[in-house]
Amino acid sequence: MGMKGKSGRGQFQGSVLLCLVLAGASQEEDLEALRGRVSRLVGLGYRKAPEVRRLSAEDLRKQTERQLDQGYREHLGRLDRTLSHFGLLQEDEDLAGTEGESPGVGAFYDPPSGALYLVGSPGQDAREAEGILVHELSHSLLHQHFPDLWKRSMEIEGNEDARRAIMAVIEGHAEWVREEAGFSFERRDGPAQGAPSYWMAQTSFPYRWGMEFIRKVAESGGEDWQARVFSNPPLSSEQILHPEKYLGDRVDWPTRIELPDLDLGSEALGRPIGSDSLGEFGMRFLVGERAAAGWDGDRFVVYEEPGGGTYSVWYSVWDSEEDAREFLEEYSRRFGVGQAVESGQDEITRRTNDRYSRMVRQGSDVAVLRGVPESGLPAIEELFRKVKKTELRRAGESPGNPGGGGIGELLKEFPGQERP
Ligand SMILES: [Zn+2]
């Protein structure tokens, strides 16, 4: 579910249609004034003034097409099938189509070149355009001082939830600067109307929840909160949704999970098409806010068979046995299809034609096999025995007491899983 290879477009976009209010003689002065405002709010100076380039809406559309043709369409196709397997997308929903239609990018920041791109479009609101420019200018300033944060956000592979948290810091901060600079308005960017609701939520998460998170950190994070949150950022959507799990004395870092290679029997002919972590954000979509709370880590692998069918192995860790039980109960209630073969409190097996789904809870962990052949069912025991869990929690490590080595060291613990 990683979005690597997508470059700046879509990730760091400014939004909406941007009126070229800065065209003409006053452009440089206006830009300088806005840069000064951003600088004061962030408490850092620009190492150099970012270059501002212009791009026509038509060129932007072509650029998107090129990215889709250069492997991004295939990536989205695999993501489509992975998310559909979990019920996060409907059969007829199509991410590549949605991306191709994405409307209204008004500006975006391009990390590799350090340039801001303004996308020309007539008839826009001048104030909104300036606000969007402030958003992009703060990206540029942040990137000049914390290049690692940006590098990591592009590199994280196979842990969409950690990437989502870093994106929330980046976008949330730029939104916070925009509001603090006096440009307050409801953003209208995001995927085209009618895009899948999961995709809409995923796209707006870093802006909406990221800004809430940054506001909380700004209120209670002490004087140098900005430097601390950028060098030691949250690593799960759980921490973004619940800032106290990042700001508190005992920081709730996620548990990293490595799945063993399982023998699911000779009838299981699938190849992996996706391996990732749904995080509390994804869990909310599946089981609702209540049952998703208490998440501490998860990892899945989805396999696709030659005929197009999919099956999966999924392991999740919860804060308590009670949280694990609640998840199992809610998940099986919502997604338990087929005929019940076994329906205990902590072990549930169901059958649809010749395929089986099995969920088992042990302590505060839950393992799920979904759509596997009967021969694969015993593998769930092996999964419990061989799964590797690493606590990312370190003594005393919190933004108020950064005992660890910052983002670089933390992310060593999140090496991307093998990309299918
Ligand atoms: Zn942005």
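**A predicted chain: its sheet and its helices**

Good morning. Among contacts in this chain between residues at least 6 apart in sequence, 73% join residues at least 24 apart; two residues are in contact if their C-beta atoms, placed from the backbone, lie within 7 Å. The model is a predicted one, in which local features need pLDDT of at least 70 and side-chain atom pairs count only at pLDDT 80 or more, while totals for chains, interfaces and linings use all residues. Residues are numbered from 1 along each chain as its sequence is written.

The chain holds 14 helices and 12 strands. Helices (H or I, at least four residues) and strands (E, at least two) are DSSP runs, numbered from the N terminus. Of the 420 residues, 45% count as buried. A residue is buried if 20 or more other C-beta atoms lie within 10 Å of its own, exposed if 12 or fewer, and partly exposed in between, with C-beta atoms placed from the backbone.

Let us begin with the sheet. In what order do its seven strands stand? The order is β5-β6-β7-β11-β10-β9-β8, and this open sheet has antiparallel pairing. Two strands count as paired if DSSP finds at least two bridges between them. At the edges stand β5 and β8 (339-343), each with a single partner strand, so one side of each is left without a neighbour in the sheet. On average, neighbouring strands of this sheet are turned by 10° against each other, direction ignored. As a general point, strands of a sheet pair through backbone hydrogen bonds, either parallel or antiparallel.

We now follow some of the pairs. Ser-343 stands opposite Ile-348 in β9. These two strands form a hairpin with three residues between them. Next, β9 and β10 pair in the antiparallel sense over six bridges, and the bridge partner of Thr-349 is Arg-358 in β10. They too make a hairpin, with two residues between them.

Asn-353 is in the loop between β9 and β10. Is Asn-353 buried or exposed? It counts as exposed, because it has 7 C-beta neighbours inside 10 Å. Asn-353 has a positive phi of about 55° although it is not a glycine.

Elsewhere in the sheet, β7 and β11 run antiparallel and are joined by six bridges. Here Val-317 stands opposite Asp-365 in β11. Helix α13 packs on the sheet, touching β7, β10 and β11, and its direction makes about 145° with that of β11. Axes are lines fitted to C-alpha atoms, for helices over the stretch in contact, and angles run from 0 to 180 degrees between N-to-C directions.

Which residues of α13 (residues 379-386) are buried? They are Ala-379, Ile-380 and Leu-383. Because these cover an arc of only 105° around the axis, they are on the same side of α13; the arc is that of the directions from the helix axis to the C-beta atoms. An α-helix has 3.6 residues a turn, so residues three or four places apart point the same way. The buried residues of α13 pack against β7 (310-318), β10 (355-362) and β11 (365-373). The face turned away from the buried side carries the exposed residues Glu-381 and Arg-385.

Asp-261, found between β4 (255-258) and β5 (271-276), is 118 residues from Ala-379 in sequence, yet their C-alpha atoms are 9.8 Å apart in space. Asp-261 is exposed, because 9 other C-beta atoms lie within 10 Å.

Finally, we turn to two other helices. The axes of α6 (residues 160-180) and α7 (residues 197-220) come within 6 Å and cross at roughly 75°. That makes α6 roughly perpendicular to α7, where angles under 35 degrees count as roughly parallel, over 145 as roughly antiparallel, 65 to 115 as roughly perpendicular and the rest as oblique. The residues of this contact divide into 13 nonpolar, three polar and four charged. Ala, Val, Leu, Ile, Met, Phe, Trp, Tyr, Cys and Pro count as nonpolar, Asp, Glu, Lys and Arg as charged, and the others, Gly among them, as polar.

Leaving aside neighbours within four places in sequence, Ala-168 is in contact with Phe-205, Pro-206, Trp-209, Gly-210, Phe-213 and Ile-240. The C-alpha atoms of Ala-168 and Arg-208, 40 residues apart along the chain, are separated by 8.3 Å.

Thank you for your attention.
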